[in-house]
Amino acid sequence: MTNQYRNAMNPDLSPNYRPLDVKSVIDYVKTRPELREVFREGEELEAAEVGDGNLNLVFRIWAKADPERTVVLKQALPYVRLVGSDWPMPADRARIEAQALEIEYRLVPEHTPRPYFYDPEMYLTAMQNLNHHIIMRKGLIKRVRYPHFAEHIGRFLARTLGMTSDLVLDYRTKKEEVARFINPELCKITEDLVFTEPYRKTERNAYHKELEPQVLAFQADEALHVEMAKMKEKFMTHAQALIHGDLHTGSIMVNERETFVIDPEFAFYGPMGFDIGAVIGNLFLNYAAHEVRTPDPAERADFRKYLTDTVIDLWHVFEREFQPIWDQVDPIDMPKRYQEDYMLRVLQDSAGMGAAKMMRRIIGLAGVEDIRGIQDPEERSIAASLALNIGRALLLEREKMRSIEDLVEVATACRPAYPWKDEYLN
Ligand code: SR1
Ligand code: MG
């Protein structure tokens with residue numbers, strides 16, 4: 001039987017695959033024995049499609065009689081949802097996501113939604129519904145503080161990255177894991193959208209016209225091209241650890257007590273700094289947004305201090321939580337000075353990768369609400385321009401950084417270049 005959803009990227013799409021909708025998802029849930037511990041036989045269920053990401057369908061399903069009994073089903077479409085069927089994408093990415101989720105749940109269950117099952121015929125994962133949490137980006141836009149976030153994300157990063165690296169895995173397992181997580185098409189999205197397209201003229205770039213002079217200056221900046229090419233090479237070749245691959249603040253769900261990391265479909269063996277930089281870069285995108293979102297200077301300074309303290313604290317937690325890994329390694333093969341050098345390289349990579357993650361969100365196809373959600377074009381351009389300058393500075397000055405405090409100093413010294421007036425020029 002040929003499946004009508006087959007396309008160039010999905011020649012072997014399972015014959016039973018069909019995208020679900022709010023009605024069919026309920027019938028589907030009722031067939032799954034794994035969900036019997038959540039839903040009772042024959043009871044009335046309700047569903048809503050809540051996916052606001054760029055790629056997939058996401059359904060919340062709950063018992064009508066008790067909405068606290070609830071699950072999430074995430075199903076891959078055979079194309080990029082943001083663009084439509086003109087941009088086919090392997091549905092098999094759902095398998096990668098399910099496997100990564102399983103590893104993250106084993107290593108840090110307190111920060112990973114509980115997976116119930118993966119259905120390889122429907123390219124679908126059922127997992128815990130985080131119904132008392134919100135997407136972190138949305139909270140930060142409203143200046144909500146998450147007092148335990150630095151501790152939680154520092155731990156998540158240290159465990160998921162450290163425990164999947166060559167420092168911990170045996171020689172054979174590591175190579176087998178690299179093979180299991182080969183994720184070429186999703187990596188290609190990142191190679192194009194994060195490292196390449198923002199720095200050349202392409203139709204997919206989506207910056208606002210007010211930013212044109214700064215974008216053109218960046219695209220003509222050879223030093224920036226050289227350093228960005230180095231980051232891209234590192235992304236493509238440095239199989240250091242199993243990384244989440246898309247750890248922006250839209251992939252984090254929080255409340256004042258808890259933090260969960262969701263959506264690891266971009267997972268593959270890549271550089272640790274790509275994940276750490278994603279978190280740091282997205283905190284600085286929010287920092288830039290408050291240039292205009294928070295007009296009161298004292299309030300702005302106060303919230304920015306929370307953001308920069310979070311960046312500093314998460315790195316220190318990462319280092320602290322990584323220490324038990326160093327304590328296990330052979331000190332002859334890996335002397336103390338090598339360990340310090342390793343951590344410094346991860347820090348500098350985080351600065352460069354964070355920079356790339358910031359600039360792509362301003363110039364490239366997929367933006368972030370922190371900045372692109374600012375309604376007034378003048379105000380939006382001021383915030384966007386500051387984000388670009390922070391990104392550029394983090395990239396170009398990363399090799400001089402010796403500590404996370406240096407990184408924060410580089411970022412906080414930046415000013416917007418827009419409007420094109422003297423007081424705004426760096
Ligand atoms: C076409 S996918 C665009 C972006 O959405 C995801 O969240 C990734 O960041 C990707 O680059
Ligand atoms: Mg995502």
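## Helix H9

Helix H9 covers residues 272–293, and its end C-alpha atoms lie 32 Å apart, which agrees with the 32 Å that its 22 residues should span at 1.5 Å a residue. The expected span is 1.5 Å times one less than the number of residues. Helices are DSSP runs of H or I with at least four residues, strands are runs of E with at least two, and both are numbered from the N terminus. Of the 22 residues of H9, 20 are buried, where buried means under 20% relative accessible area, exposed over 50%, and partly exposed in between, with a 1.4 Å probe and protein chains only.

## Model and conventions

The model is predicted; local features need pLDDT of at least 70, side-chain atom pairs count only at pLDDT 80 or more, and totals for chains, interfaces and linings use all residues. Residues are numbered from 1 along each chain as its sequence is written, chains are lettered from A and ligands numbered from 1 in the order in which they are written, and side-chain values use heavy atoms, with hydrogens and water left out.

## Helix H4

Helix H4 (residues 149–162) has 14 residues and reaches 19 Å between its first and last C-alpha, close to the expected 20 Å. H4 is mostly covered, with 12 of its 14 residues buried; among them are Phe149, His152, Arg155, Phe156 and Leu161.

## Ligand 1

The residues around ligand 1 (a heavy atom within 4 Å) include Asn54, Trp87, Ile189, Leu193, His248 and Phe266.

## Asp21

Asp21 lies in the segment before helix H1 (24–30). At 42% relative accessibility, Asp21 counts as partly exposed. The side chain of Asp21 reaches two backbone nitrogens: that of Lys23 at 2.9 Å and that of Ser24 at 2.8 Å. Asp21 and Asn286 are 265 residues apart along the chain, and their C-alpha atoms are separated by 34 Å.

Methods:
Polar contact = N/O pair within 3.5 Å; in protein donor to acceptor, adjacent residues only side chain to side chain.
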